Amino acid sequence: VDIQGKKLGEELKNLPGNFYGKPMPGLSKDFLLKASSDVYEYDIATQSAEKLFSLLDCDVQGDYVEILAPLEDGRIFVYYRDWSSNESGVVFLTKTPSSEVPKKTVLTLGCMGVSQSLQSSIIKFNKSSVEYRINIKDYAADLYNATDVTDWEQAYKDVITRMNNEILTGKGTDMLVIDPSMNLKLFAVKGVFADLNVYFDTSDTLKREDLVESVLKAYTVDDKLIAIPKNFSIETLVGPTSVVGEEMGWTMAEMLETARNMPEGSKIMEDINRSYLIELLLLGS
């Protein structure tokens, strides 16, 4: 804003694609920008943004950060507020040579986007483990940050192809967050996944009987458990026994017969059309 001229100045370009929030004072350039978990420094003269670091690498939940401010001694002041618990706190970030950072075995976790719950889980693990550290490899990060993509569908397919190729050639990650776009059976046939059954045998905190067996079977290929779902949902239909009977389950033929015998104007489901019905049937097949 040009205060003296009472007008808006020139538009700044080349901001990070997923930047939101407000600019903060810069370290050596004009200001800091937070884009999800990444912190950038922006130069007005060149209209360019340089990534400085990832808040997630600093064990800070990026989405919760409200203030970033450089201090005179070179540290960065961070104020965050956890929306879920309404807890807030302050963190001071200090630039430290890698040689002075405690050495840990690094495990790489591949994913297509980093959810808040995933960030929280990783931060909790990294803070508590003295032997291991989890680093994120978000294959979709470059896509989300891009500002010049014209064909998003093709760009997304290119990201999936690159991820699949890396995983199949052994250049991928140690762990993987399952995404609907992934061909899990292909990965399993190629021997990409370890058998997770062994971890139930040695774990003191999680056993097979703690989970729903039928869901685990859905992720079992050739007796090898290739993934452990974090959650699942069930969609169903209910109706009075006077209409649908007392037997569990309903075939398509039974549903159509019931519908034909209902009074004129009756609906099995409210506000449903042909395309949505076929979608439901395909999802449940």
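Predicted model: local features only at pLDDT ≥ 70, side-chain atom pairs only at ≥ 80, totals over all residues.
Colleague: How do you know that the structure has 0 disulfides?

Modeller: A search of the whole structure finds none. A pair counts when the cysteine sulfur atoms are within 2.5 Å. The sulfur of Cys-58 is 17 Å from the closest cysteine sulfur, in Cys-111. That is too far for a bond.

Colleague: What makes Cys-111 buried or exposed?

Modeller: The cut-off for buried is under 20% relative accessible area. Cys-111 has 0% relative accessibility, so Cys-111 counts as buried.

Colleague: Why is Cys-58 called partly exposed?

Modeller: Exposed needs over 50%, and buried needs under 20%. Cys-58 has a relative accessible area of 32%, so Cys-58 is partly exposed.

Colleague: Now the sheet. Which strands form the open sheet, and in what order?

Modeller: The order is β9-β8-β10, with parallel pairing.

Colleague: Why are β9 and β10 said to stand at the edges?

Modeller: Each has a single partner strand, so one side of each is left without a neighbour in the sheet. β9 covers 132–138 and β10 covers 175–176.

Colleague: Which helix lies across β8 and β9?

Modeller: Helix α1, residues 116–128. Helix α1 runs at about 155° to β9.

Technical notes:
Residues numbered from 1 in each chain as written. Heavy atoms only, no water. Buried < 20%, exposed > 50% of the residue type's maximum accessible area, 1.4 Å probe, protein only. Pairing = 2+ DSSP bridges. Helix = DSSP H or I, 4+ residues; strand = E, 2+ residues; numbered from the N terminus. Contact = heavy atoms within 4.5 Å. Axes fitted to C-alpha atoms, helices over the stretch in contact; angles between N-to-C directions.
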